[in-house]
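Me: I would like to learn how to read a structure like this one. Could we take a few features in turn?

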Amino acid sequence: MDWTTITSALFPNGHDVVERELFLSGSARVGEKTVAVVGTTGHSPIGVEIALLQARFILQTVREHPGRPILILVDTVGQRLRHRDEMLGINSYMAHLGKCVELARRQGHPVIGLVYDQALSGGFITSGLLADACYALPDSTIRVMGLPAMARITKVPEERLTELAVSNPVFAPGPENYLRMGGVQEIWTGDLAAQLEEALAAAAPQDERAALGLARGGRKFAQPVIDAIVAGRDALAS
Amino acid sequence: MEKLTYRFQGGSRALPQQAELVGVVGSGNLEVLIESGPLGGDCAIEVNTAALGFGATWEAVMRDFHERWQLSDARIAINDMGATPAVVSLRLDQAVETMLGGLR
Amino acid sequence: MSSYLELTARERLALLFDAGSFEEFLPPKARVISPHLAQLDAPVAFDDGVAVGRARLDGQAVFAAAQEGGFMGGAVGEVHGAKLVGLLKRAVAEKAAAVVLLLESGGVRLHEANAGLVAVSEVMRAVLDARNAGVPVIALIGGANGCFGGMGIVARCTNAVIMSEEARLAMSGPEVIETAAGVEEFDSRDRALVWRTTGGKHRYLLGDCQELVADSVPAFRAAVLATLARLRTQETALTLAALEAEQTMLAQRLERFGGLEEPMQIWTALGIAEPRSLPLLEAGPFVEQVAAYRIGAN
């Protein structure tokens, strides 16, 4: 989906978001508020530069606009796969972005992620997935890795993975599966602007995803394991 | 994966009331979880193995193990990823020795 | 001198902390195994590849975890990730002096795909929550599998990273890059290049790890003690000032070295007269030699 399409749908009251080399930044009116908008488009790979640009934007927002809500627009093919990025320490750039998102949340900025097209793995693990909550459009793709590469690395035949990917929430790439896992809060249809407003109002700092995964049946063990360890129990509560 | 179970009687060596784990579930390796339990004096062993069709070999290794240690009221669980019989016997012995305080 | 690299996760816990002090939470006898591996006909581990609990270091109580690189490359699945999250939450509840993470991982466990990705994200949040609650988190990296993927990011979310010269810290492994972009881009069989690019010494020079030690348990133990003492004098939580400083540091790194192709060119740019000699130096002499040149305030 073109970034201009999603921004028009989200911000009927206007915005000044611009795109430069697949990096999105700007602000928009949502209800009575100004919202900071940052993200990527064009299925951008996330390399050191674009990670740093997103981080800088968030830090500027924290410094100059206390409390301003932040929307992270996600469309990425994943982390950039280059020797140079590894040499420079892309994991540090990603971590830095994640820490900036976390700081914003701590300082009272509601932070929402929206996957409006693609989200692969390392491309959104320290942006959308570190927001107060991450949302997705129905036609978006969220996945860890393409099946052929997964087959190569796990040594599980591609046919088997393809079979599982049809209906198994652990492998299937659609946003419904992340919804079931608790990774995605909600899938937005209909009035996107209204849903954005609701999401910003509902943003809360606690990580509820494991509880959601349990309630929705996609991850039945994460929350019970966390609970057992916190409570000092030697077994999961049945 | 293949699941195999064994149960031996006639053992007399009791184990302390604890659980121990030795080994790692990696290629050519296995983990052994050993604990005491009320089994009417028996030694019960459950094996989950990624190497299919070696039932007879496992049986021989387990018989030798029981002859060696004669455990009573012992529960042993194994996750195996293709270890050789020699490595399996080694890990089983390590598990018992760790239980009995010999190896720490 | 016991090699840290060659030990299992449990052996590292037993030898690094005070003898007999490690008390495990949700131990293997609880048999909390992965719910997803059976459908791929893959074997499980009773601890799902990570041991978490409490231990003492010179009498000081800390919380600790060790990932087992021998099981699924230490990769994080639903249960594994939840154990780390539970540990970090409990550390906050009990006001632990620190959480010490012995990391060895390929990142998200592909066999658990979506569940693994969300799990790693939850670990990241939990590390940052612990820091924000005043609990310092330290990462140790020294296993054969290195620390990659989402866990490579988690490592740089902690207060301090300690690496051995054998260790590697990165995001994507060289094989993945070679498959995606060709052998010209990154020859994964060129071990020397792999270590120059992602190894402990290079990360130490860039300032991405704060201590570089020999591959030995006593060396890691001493480094953890020194790090704990140092962290007591610093802010544990994230602050705007610290992140702005990190922004500047990372921007300068990109500006100075972004046009270079070979890690040794970076070392030269840092002012090191004989970069070729660095890989050959033992940890101690290496640290001494580069002290004046490496980036990075602690």
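Reply: Start with a helix and ask which side faces out. This is a predicted model. In chain C, the exposed residues Arg191(C) and Ala192(C) sit on the face of α6(C) that is turned away from its buried side.

Me: Which residues of helix α6 of chain C are buried?

Reply: Helix α6 of chain C covers residues 191-198, and its buried residues are Val194(C), Arg196(C), Thr197(C) and Thr198(C). They span an arc of only 170° around the axis, so they lie on the same side of α6(C).

Me: What do the buried residues of α6(C) pack against?

Reply: Their partners come from two chains. From chain A there is α3 (83-88), and from chain C there are α5 (174-181), α7 (200-206) and α10 (263-269).

Me: How should I read a sheet, and what is the strand order in the open sheet of chain A?

Reply: Read across the strands and note the sense of pairing. The seven strands here run in the order β1-β2-β3-β5-β7-β9-β11, and the pairing is mixed. At the edges are β1 (18-20) and β11 (186-187) of chain A, each of which pairs on one side only.

Me: In which sense do β3 and β5 of chain A pair?

Reply: Strand β3 (residues 33-40) and strand β5 (residues 70-74) of chain A are parallel, joined over four bridges. As one case, Gly39(A) has Leu73(A) in β5(A) as its bridge partner.

Me: Which strands does helix α8 of chain A lie across?

Reply: Helix α8 (residues 192-202) of chain A lies across β2 (23-30), β7 (111-115) and β9 (133-136) of that chain, and α8 runs at about 90° to β2(A).

Me: Now the chains. Which pair has the most contacts?

Reply: Two pairs of chains touch, and chains A and C have the most contacts. Chain A gives 65 residues to this contact and chain C gives 70 residues. On the chain A side, α4(A) has the largest share, 13 residues. By class, that side of chain A has 38 nonpolar, 14 polar and 13 charged residues.

Me: How far apart are the closest C-alpha atoms of chain A and chain B?

Reply: They are 12 Å apart, and no contact joins these two chains.

Me: What are the domains of chain A?

Reply: Chain A is divided into domain 1 (3-205) and domain 2 (207-238). Their C-alpha centres lie 25 Å apart. Where the two touch, domain 1 of chain A supplies seven residues and domain 2 of chain A supplies eight residues.

Terms used. Residues numbered from 1 in each chain as written. Chains lettered and ligands numbered in written order. Predicted model: local features only at pLDDT ≥ 70, side-chain atom pairs only at ≥ 80, totals over all residues. Buried ≥ 20, exposed ≤ 12 C-beta atoms within 10 Å, placed from the backbone. Helix = DSSP H or I, 4+ residues; strand = E, 2+ residues; numbered from the N terminus. Arc of directions from axis to C-beta. Pairing = 2+ DSSP bridges. Axes fitted to C-alpha atoms, helices over the stretch in contact; angles between N-to-C directions. Nonpolar A, V, L, I, M, F, W, Y, C, P; charged D, E, K, R; others polar. Domains from an automatic or database assignment.
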